[in-house]
Amino acid sequence: MAEREPYIYMFDDIFWLTIAGTFFAFLGVAVKACLKSNCTQIKFLGFECVREPSADEPDTEDLEMALPPIPSRTARR
């Protein structure tokens with residue numbers, strides 16, 4: 001029988017880039033959720049943070065912007 005290459009060598013750079021990107025995106029979303037929360041003590045994946053959230057900072061992520069209306073893109077007749 002011919003010797004086969006170990007399966008670990010079948011994973012190429014694109015695979016590892018996708019895995020790393022997914023992992024760091026998950027961590028970024030988790031950190032964003034922790035920072036946005038009003039909790040005073042956060043424990044997540046072995047990390048612990050005790051903080052005092054300030055009530056002075058407004059939540060700017062949900063603000064509506066006053067934009068001019070978008071012109072219609074229908075064909076003129």
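This is a predicted model: local features need pLDDT of at least 70, side-chain atom pairs count only at pLDDT 80 or more; totals for chains, interfaces and linings use all residues.
Visitor: Let's start with the aromatic rings. Why is the pair of F15 and W16 called edge-to-face?

Guide: A pair of aromatic rings is described by the distance of the centres and the angle of the planes. By this rule the count comes to two aromatic pairs. For F15 and W16 the centres lie 4.9 Å apart, which is within the 6.5 Å limit, and the planes stand at 75°, which is over 60, so the pair is edge-to-face.

Visitor: Why is F24 called exposed?

Guide: Exposed means over 50% relative accessible area. F24 has 56%, so it counts as exposed. F23, at 46%, falls between 20% and 50%, so F23 is partly exposed.

Visitor: How do you know which class F15 and W16 belong to?

Guide: F15 has 30% relative accessibility, so it sits between the cut-offs of 20% and 50% and counts as partly exposed. W16, with 44%, also lies between them and is therefore partly exposed.

Visitor: What surface patch do F15 and W16 belong to?

Guide: A nonpolar one: Y7, M10, F11, F15, W16 and I19 form it on the surface, with about 670 Å² of accessible area together.

Visitor: Where is F11, and why is it called partly exposed?

Guide: F11 is in the segment before α1, the helix of residues 13–36. Its relative accessibility is 33%, between 20% and 50%, so F11 is partly exposed.

Visitor: What about L35: buried or exposed?

Guide: L35, which lies in helix α1, has a relative accessible area of 59%; that is over 50%, so L35 is exposed. The C-alpha atoms of L35 and R51 are separated by 10.0 Å, with the two residues 16 apart along the chain.

Visitor: Now to the strands. How do you know that β1 and β2 pair?

Guide: Pairing needs at least two bridges. Four bridges join β1 (residues 41–44) to β2 (residues 47–50), so the strands count as paired, and they run antiparallel.

Visitor: What can be seen around the turn of that hairpin?

Guide: There are two residues between the strands, and L45 takes a positive phi near 50° in this hairpin. F44 stands opposite F47 in β2.

Methods
Residues are numbered from 1 along each chain as its sequence is written. Side-chain values use heavy atoms; hydrogens and water are left out. Patches are made of residues with over 30% relative accessible area and no salt bridge: like charges are joined within 9 Å, nonpolar side chains (Val, Leu, Ile, Met, Phe, Trp, Tyr) within 5 Å. Accessible areas come from the Shrake-Rupley method with a 1.4 Å probe; for residues, only the protein chains shown count as cover. A salt bridge is a side-chain nitrogen of Lys or Arg within 4 Å of a carboxyl oxygen of Asp or Glu. Buried means under 20% relative accessible area, exposed over 50%, partly exposed in between (1.4 Å probe, protein chains only). Rings of Phe, Tyr and Trp (its six-membered ring) pair if their centres lie within 6.5 Å; planes under 30 degrees apart count as stacked, over 60 as edge-to-face and the rest as tilted.
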